[in-house]
Amino acid sequence: YTMIGRYLALATTCLIATANATIYFQEKFDEGWEDRWTIPTKWRSESEMGEWEHTAGKHHGPDADDKGIMTKDSMRFYGLSAPFTTPFVNKDKKLILQYTIKYEKPQECGGAYIKMLPGGDKFDADSFSGDTPYNVMFGPDVCGTTKRTHVILHSEAEDSKGENVMTTPDIPCQVDTASHQYRLVLHPDNRFDVFVDNRGVRNGRLEDFFPFLKEPRTIPDPDASKPEDWVDEMYMDDPESVKPEGYDDLPHEIPDPDASKPADWVDDEDGEWEPPMIDNPDYHGPWYPEQIRNPDYKGQWEHPMIDNPAFVPNDSLYNVCTEENPCTHVGFELWQ
């Protein structure tokens with residue numbers, strides 16, 4: 001069961017204004033929240049869809065009226081979308097996407113991520129699904145050993161691949177049953193930050209963590225190769241380690257010395273009795289020399305990198321909500 005917390009907000013801070021943020025979407029999930037959100041009716045059959053519950057959850061603070069919405073049933077699909085107050089374009093602006101979630105019980109497989117969606121007046125809320133195009137996908141996703149915080153961005157910028165790209169390496173997510181606040185910040189200088197409970201868990205240049213561009217900034221130097229005398233084996237055979245004499249003559253198995261022919265064994269009828277075989281306690285497998293630290297070890301050779309002559313810098317990777325394709329809706333499309 002996943003609870004979407006009381007405070008969900010999308011805000012931007014203009015690059016030249018630092019005093020106040022413009023809030024394009026805010027949801028506290030108080031009374032009347034159903035009137036602001038649409039549950040898709042054309043995505044899945046009614047039997048496949050789960051029900052959202054307006055609740056404070058099993059464990060909550062002193063105010064029982066401080067509620068969120070919670071996925072009520074397991075093994076179901078959940079969908080929900082709502083429009084922004086006005087179409088949102090983040091050109092030359094800082095984008096801040098923040099929301100709070102809580103797992104009511106340990107999660108085995110399911111997502112709790114949020115999406116920022118384009119579409120405007122053509123957005124079909126009744127058909128909203130996992131196939132609906134999105135500009136931003138952000139939040140925790142748990143399934144088996146995979147426990148990560150998704151950050152997936154879409155870019156139509158020139159020289160970009162024009163597809164959804166996910167940050168690498170994975171960003172861990174919280175999997176306990178406490179409430180956690182997730183925040184994504186996209187900066188107009190092509191940098192980003194991810195915070196969990198106000199603690200920074202990932203930051204850097206977008207091009208370094210997202211494979212947006214067709215060509216990387218740096219490439220391995222084609223004129224460089226590992227020197228022939230480079231030693232990258234950390235350990236080596238000990239030259240003073242000698243195989244014991246006669247080691248190869250030891251049999252893998254020997255007759256069980258504690259076995260004896262059964263009293264009722266008749267050689268003429270049962271054949272010649274042979275004791276069962278057991279593993280030879282003196283045989284320890286194929287012999288290998290002992291290993292010692294290699295004094296010539298230089299570490300793993302790293303291919304030197306050079307500037308890529310085909311690299312084309314792009315200053316608008318952060319601009320995921322463009323004038324041509326603004327973000328107009330927010331949505332949850334989940335399975336758990």
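User: What is the handedness of the disulfide of Cys109 and Cys143?
Analyst: In this predicted model, local features need pLDDT of at least 70, side-chain atom pairs count only at pLDDT 80 or more, and totals for chains, interfaces and linings use all residues. Residues are numbered from 1 along each chain as its sequence is written, and side-chain values use heavy atoms, with hydrogens and water left out. Cys109 and Cys143 form a disulfide (a pair of cysteine sulfur atoms within 2.5 Å). The torsion about their S-S bond is about -85°, so the disulfide is left-handed.

User: Which strands does the pair Cys109 and Cys143 link?
Analyst: Strands are DSSP runs (E, at least two residues), numbered from the N terminus. The two cysteines lie 34 residues apart, in distant parts of the chain. Cys109 belongs to strand S7 (residues 109-111), and Cys143 to strand S9 (residues 136-143).

User: Are Cys321 and Cys327 buried or exposed?
Analyst: A disulfide joins Cys321 to Cys327, with 1.9 Å from S to S. Buried means under 20% relative accessible area, exposed over 50%, and partly exposed in between (1.4 Å probe, protein chains only). By this scale, both Cys321 and Cys327 are buried.

Notes. Helices (H or I, at least four residues) and strands (E, at least two) are DSSP runs, numbered from the N terminus.
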